[in-house]
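Open the model in your viewer and keep the sequence panel beside it. This tour tells you what to select at each stop.

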Amino acid sequence: MSKLPEIQSKKGKLNQTLMSSKNRKKRKKSWESLTQISASLAPDMKALLKERNKLAQSIGFDNFFEYVLAEEEITKRDFLNLVKELDLQTRHIFVTSYLEEKRKELKIEKTMPWDIEYRPEAKVYRQKLVPVPKARDKFFELLTAIGLDPENLLLTIEKNKNIPFSGLMLPRE
C-alpha cells in the first residue's frame, strides 16, 4: 500500500507552517521534518531514477537527461551554459536582496532555511482532492504510454482514497 497520500498531506501541513507560522522554532522544526521526509524517500526516488534511465537507455540514450535534451533539441553544453548564466545573473539578487530583506523583516541576525519561505500574508488553504478512480486511470494511461507497466510500480495508488491535488499532476481534460 502506498503511503503517498499520507506523506503528501503531512508535507502540505509542514509547508504551511513554514509559510505562515510566526514562531521561528516551529518553522525550524517543520523544516527539519521536511528534510527527514525527503531523506526517507531518497531510496525510492533513486530507484525511480534508475528505471527512468533504463527506459532512456532502451531507446539509445545514455540517460534520461540526455533523452530530454534531445527531445527539447538543446545540447548538453548549451543547457549547462544556460543554467550557469541564470545562476550568475540571479544569485547576487537572492543573496544580497532577498535574504537581507528577510533578515530585516524577521529582525534576525542571520536568515536560515526555515526563514526563507515565511510569508506573513500567506493564507492557509485546503487542498482540493482528486477522485482516485479518475486520477488513477489517467495516471495508468500515462505510464502505459511511456512504456511502463502500472501494475508493477514501486508505489501504488489505493483505490478507495482521494489524492491531494498537489500530490499528482495530471493534464486537464
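How many helices and strands does the protein have? Colour by secondary structure to find six helices and two strands. Here helices (H or I, at least four residues) and strands (E, at least two) are DSSP runs, numbered from the N terminus. Starting at the N terminus, the order reads α-α-α-α-α-β-α-β.

Two notes before moving on. This is a predicted model, in which local features need pLDDT of at least 70 and side-chain atom pairs count only at pLDDT 80 or more, while totals for chains, interfaces and linings use all residues. Residues are numbered from 1 along each chain as its sequence is written, and side-chain values use heavy atoms, with hydrogens and water left out.

**Stop 1: the whole chain**

Select everything and show the surface. The accessible surface comes to about 13500 Å². Carbon and sulfur atoms account for 56% of that surface. Areas come from the Shrake-Rupley method with a 1.4 Å probe; for residues, only the protein chains shown count as cover.

Of the 173 residues, 20% are buried. Buried means under 20% relative accessible area, exposed over 50%, and partly exposed in between (1.4 Å probe, protein chains only).

Now consider contacts (heavy atoms within 4.5 Å). Among those between residues at least 6 apart in sequence, 56% join residues at least 24 apart.

**Stop 2**

Select Asp115, Arg24 and Arg27. What links Arg24, Arg27 and Asp115? The three form a network of salt bridges. A salt bridge is a side-chain nitrogen of Lys or Arg within 4 Å of a carboxyl oxygen of Asp or Glu. A search of the whole structure finds eight salt bridges.

Take Arg24 to Asp115 as one of the pairs: the closest N and O atoms are 2.6 Å apart. Arg24 sits in helix α2 (residues 24-58) and Asp115 in helix α5, 91 residues apart, so distant parts of the chain are linked.

Then turn to Arg27. Its salt bridge with Asp115 spans 2.9 Å, N to O. Arg27 is in helix α2 and Asp115 in helix α5, so this pair ties together parts that are 88 residues apart in sequence.

Is this site buried or exposed around Arg27 and Asp115? Both residues are buried. Asp115 has 0% relative accessibility. Arg24 is partly exposed, at 30%.

**Stop 3: the start of α3**

Select Asn63 and Phe65. At the start of α3, a side-chain oxygen of Asn63 comes within 3.1 Å of the backbone nitrogen of Phe65.

**Stop 4: from α3 to α4**

Select Glu66 and Lys76. They form a salt bridge, with the closest N and O atoms 3.7 Å apart. Glu66 belongs to helix α3 and Lys76 to helix α4, ten residues apart. Lys76 is partly exposed at 40% relative accessible area. Glu66 is partly exposed at 22%.

Next, select Glu73, in the loop between α3 (64-71) and α4 (76-106). Its phi is near 55°, a positive value in a residue other than glycine. Glu73 is exposed, with a relative accessible area of 74%.

**Stop 5**

Finish at Lys107, in the loop between α4 and α5 (113-116). Phi of Lys107 is near 55°, again positive in a residue other than glycine. Lys107 is exposed, at 75% relative accessibility.

Methods: A polar contact is a pair of N or O atoms within 3.5 Å; within protein, one must be able to donate a hydrogen and the other to accept it, and residues adjacent in sequence count only if both atoms are side-chain atoms.
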